[in-house]
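Here's a quick walk through a fold with a ligand in it. Have a look at the model first, then read on.

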Amino acid sequence: ASPKYRFFREQGLRPVRQLPNALIVGVKKGGTRALLEFIRVHPDVRAAGNEIHFFDKYYSKGFEWYRQTMPPTLEGQLTIEKTPSYFVTKEAPRRIHLMNPSTKLLVVVRDPVTRAISDYTQAISKKPDMKKFEALSFINSSMRMKEVDTSWGPVKLGLYARYLLRWLKYFPLSQFLFVSGERLVVDPAMELKRVQDFLGLKRVVTEKHFYFNSTKGFPCLFKSEGRGSPKCLGKTKGRNHPYIDPGVLQKLRDFYRPFNNRFYQMTGINFGWS
Ligand code: A3P
């Protein structure tokens with residue numbers, strides 16, 4: 001870089017696109033959009049608006065391509081991207097480690113049973129002729145006891161402990177922050193405090209930024225990034241879930257229990273799913 005360029009950069013006067021310092025890597029339907037929209041209110045955070053899918057789909061385009069998809073930042077600003085499929089992509093931990101071994105990793109997790117229903121609700125909204133959730137959750141076997149179908153995406157993605165194990169081969173636990181999807185709805189300011197501390201940011205996003213919108217049924221922002229007007233997430237966030245047979249819900253809860261307990265052990269956090 002030329003001395004002039006360096007001068008402006010060091011003064012923080014010249015915006016440059018940088019590779020992300022932190023990633024929201026998952027989980028799908030955990031509340032990842034809410035987290036991204038809330039944290040990007042912080043003046044020291046710049047975020048890629050869309051899911052870039054670099055570490056799963058577009059890795060062959062190279063790091064320079066990835067960097068160009070990022071927003072320009074001034075000195076001292078963090079760059080964040082979110083693509084929830086990274087959490088379940090085999091190659092993602094190795095690739096992210098290769099990019100920068102000190103990348104901070106945020107994972108929004110949610111009760112795997114509700115997450116599965118949320119995932120299904122999204123899928124059926126795009127493909128209305130899908131079978132019922134109750135049918136898809138179990139392997140078709142009239143002879144044996146109904147067995148949970150772990151090959152079905154919405155069920156499989158909830159096995160958080162399995163996926164986390166792969167990440168821990170590349171990153172220490174201290175580089176992760178696990179955000180509770182449930183608490184993000186009930187008390188967003190509290191979760192955002194944890195997130196800002198983890199990212200080494202001043203606590204700027206607080207209770208004052210949120211209000212509960214009773215029409216939406218979710219917390220919304222008084223002011224969003226770059227706009228002065230209130231903002232709730234879009235229609236695809238906070239969908240009504242279909243009624244699910246209570247017996248099926250119980251079977252799924254029983255199925256997930258050991259995996260959840262394993263996940264609590266690994267993270268040192270009891271998320272309170274039952
Ligand atoms: P549902 O649509 O099933 O309710 P993601 O952004 O990772 O796809 O997650 C979507 C989920 O975020 C929604 O699932 C919703 O429950 C949750 N969520 C958390 N905070 C929200 C908020 N403030 N507004 C809307 N949805 C929110």
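How many residues surround the ligand, and which are the closest? There are 18 of them, and the closest are T32, R33, A34, S118 and F218; a residue is near the ligand if its C-beta atom, placed from the backbone, lies within 6 Å of it. Before going further: this is a predicted model, where local features need pLDDT of at least 70, side-chain atom pairs count only at pLDDT 80 or more, and totals for chains, interfaces and linings use all residues. Residues are numbered from 1 along each chain as its sequence is written.

Helices (H or I, at least four residues) and strands (E, at least two) are DSSP runs, numbered from the N terminus.

| Element | Residues |
|---|---|
| α2 | 32-39 |
| α5 | 112-126 |
| α9 | 181-186 |
| β11 | 218-221 |

The largest share, three residues, comes from α2. Seven of the eight residues of α2 are buried, so this helix is largely enclosed by the rest of the structure. Buried means that 20 or more other C-beta atoms lie within 10 Å of the residue's own, with C-beta atoms placed from the backbone. The buried ones are T32, A34, L35, L36, E37, F38 and I39.

L35 and I39 turn up again in the largest nonpolar core, a set of 42 residues, where they join V25, L106, V107 and V108 in touching the most other members. Such a core is a set of buried Ala, Val, Leu, Ile, Met, Phe, Trp, Tyr and Cys residues joined through C-beta atoms within 7 Å. A second, separate core has nine residues, including I117, Y120, V155 and F255.

F255 sits in α11 (residues 246-267), where L252, Y256, N260 and F263 are buried too. The buried residues of α11 pack against α5, β8 (147-148) and α8 (160-167). At R257, shortly before the proline P258, α11 has a kink of about 40 degrees; the bend is the angle between axes fitted to the seven residues ending there and the seven starting there. Just after the helix, G268 takes a positive phi of about 75 degrees.

Back to β11: four bridges join this strand to β10 (residues 210-213), and the two run antiparallel. Strands pair if DSSP finds at least two bridges between them. F212 stands opposite P219 in β11. The hairpin has four residues between the strands, and G217 takes a positive phi near 80 degrees there.

Methods. A residue is buried if 20 or more other C-beta atoms lie within 10 Å of its own, exposed if 12 or fewer, and partly exposed in between; C-beta atoms are placed from the backbone. Two residues are in contact if their C-beta atoms, placed from the backbone, lie within 7 Å.
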